[in-house]
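Please keep the sequence and the structure in view while reading.

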Amino acid sequence: MKTILVGVDFTKSSDNTINYAIELAKQSEAKILLFHALMAPVVHTTSGLVFMDGENFIKGEENKIQVLQTELSKKHPEIKFDTELTYDNIREKVDKLSKKNKISLAVLGLETKSKISKFIYGTTSTDLTGKVDCPIITVPEKYKHHHIKKIMIAIDNKESISAGLSKRIHSVIKFLGAEAEYVHIKTEDELELGEKNRHPFPITNIKSATFQDGISTYSKKQKTDAIMLISHNYSAFHNLFIDSNSKKIILSSNIPVISIHK
């Protein structure tokens, strides 16, 4: 059975993400895995850091997610809800679940933050982008339209789409039951895609000063429900010092962004 992992941290953003995942589950007839990453609580003292009672903390977190599971199961009896709590590294845990075919895609929330804090700290979704096998959907906190009917797929002029990547893209489109349009944003420093398009699907070429502006403007014009980006597994140096196009789009988009690992 298809499974949608949804990140839970008991915030307003998390609540909205759960509602979004529920609608996707209804569309795709999938079950939902409520995923909560535990952070060991600590207190500051004059002698340094002192860990609090881990056993009671875990019991409290287990109780919260079990209550949530019960509430959601009663409200949406047609959907099966499972839970997963972990102290493991989030990226490693999600990647393991994906590789074992335990999840089909992950849905994560994006809390409203200032542009500066987003740039400095990033988010769980941007940290996972390009580093896990399963598709990731990042949902803005204020986005309430919980359906995907039209997807805009951003294509890089400099790269081709392999058979494996094409299969993954179409698998996600089929999973979501949506229509898709391939779009290339042509900036001033790029060549026209034109005759170089050897893909077995049409590509819409859009001229824009920047990739980010082009994506934003065209998605609004077409009333797109989600943007799909092809993410890369960047080096640690790149992640520390370079703000990638994918990260910019995820952090600034007003609609959900789907990241597909190349």
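The text below goes from the whole chain to single helices, strands and residues.

## The whole chain

The model is predicted. The protein contains 9 helices and 12 strands. It has 262 residues, and 48% of them count as buried. Its accessible surface comes to about 14500 Å², and carbon and sulfur atoms account for 52% of that.

Contacts can also be sorted by how far apart the partners are along the chain. Among contacts between residues at least 6 apart in sequence, 77% join residues at least 24 apart.

## The nonpolar cores

The largest nonpolar core has 56 residues. I148, L176 and I258 are the residues with the most contacts inside this core. Leaving out residues up to four places away in sequence, L176 touches L24, Q27, L105, I148, I151 and I258.

## Helix α7

Helix α7 covers residues 211-221, and its buried residues are F211, G214, I215, Y218 and S219. Why do these residues lie on the same side of α7? They cover an arc of only 115° around the axis, and therefore share one side of α7. The face of α7 turned away from this buried side carries T217, K220 and K221, which are exposed.

What covers the buried residues of α7? The cover includes the strands β8 (150-154), β9 (179-186), β10 (203-207) and β11 (226-231), together with the helix α9 (245-252).

## Strand β8 and its partners

In β8, 4 of the 5 residues are buried, so the strand is largely enclosed by the rest of the structure. β8 and β9 run parallel and are joined by 5 bridges. In this pairing, M152 stands opposite E181 of β9. β8 also pairs with β11 in the parallel sense, over 3 bridges. Here I151 stands opposite A226 of β11. I151 is also one of the residues that L176 touches.

## An aromatic pair

How many aromatic pairs does a search of the whole structure find? The search finds 1. The pair is formed by Y20 and Y143 and is edge-to-face, with 6.4 Å from centre to centre and 65° between the planes. Y20 belongs to helix α1 (residues 12-28) and Y143 to the loop between β7 (136-140) and β8, so the pair ties together parts that are 123 residues apart in sequence. Both Y20 and Y143 are buried.

| Residue | Relative accessibility | Class |
|---|---|---|
| E29 | 65% | exposed |
| K223 | 68% | exposed |
| L38 | 8% | buried |
| I137 | 1% | buried |

E29 has a positive phi of about 55° although it is not a glycine. This residue lies in the loop between α1 and β2 (31-37). K223 is not a glycine, yet its phi is positive, about 55°. K223 follows α7 and lies in the loop between α7 and β11.

L38 lies in the loop between β2 and β3 (42-45). The C-alpha atoms of L38 and T86 are separated by 5.8 Å, although the two residues are 48 residues apart along the chain. Not counting residues up to four places away in sequence, L38 touches F57, I58, E61, L85, T86 and Y87.

I137 has its place in strand β7. Which residues is I137 in contact with, leaving aside its neighbours within four places in sequence? They are Y20, L24, L105, A106, V107, L108, I148, P256, V257 and I258. I148 and I258 were named above for their contacts in the largest nonpolar core, and Y20 as a member of the aromatic pair.

Definitions and conventions: Residues are numbered from 1 along each chain as its sequence is written. This is a predicted model: local features need pLDDT of at least 70, side-chain atom pairs count only at pLDDT 80 or more; totals for chains, interfaces and linings use all residues. Side-chain values use heavy atoms; hydrogens and water are left out. Helices (H or I, at least four residues) and strands (E, at least two) are DSSP runs, numbered from the N terminus. Buried means under 20% relative accessible area, exposed over 50%, partly exposed in between (1.4 Å probe, protein chains only). Contact means heavy atoms within 4.5 Å. Accessible areas come from the Shrake-Rupley method with a 1.4 Å probe; for residues, only the protein chains shown count as cover. A nonpolar core is a set of buried Ala, Val, Leu, Ile, Met, Phe, Trp, Tyr and Cys residues joined through side-chain atoms within 4.5 Å. The arc is that of the directions from the helix axis to the C-beta atoms. Rings of Phe, Tyr and Trp (its six-membered ring) pair if their centres lie within 6.5 Å; planes under 30 degrees apart count as stacked, over 60 as edge-to-face and the rest as tilted. Two strands pair if DSSP finds at least two bridges between them.
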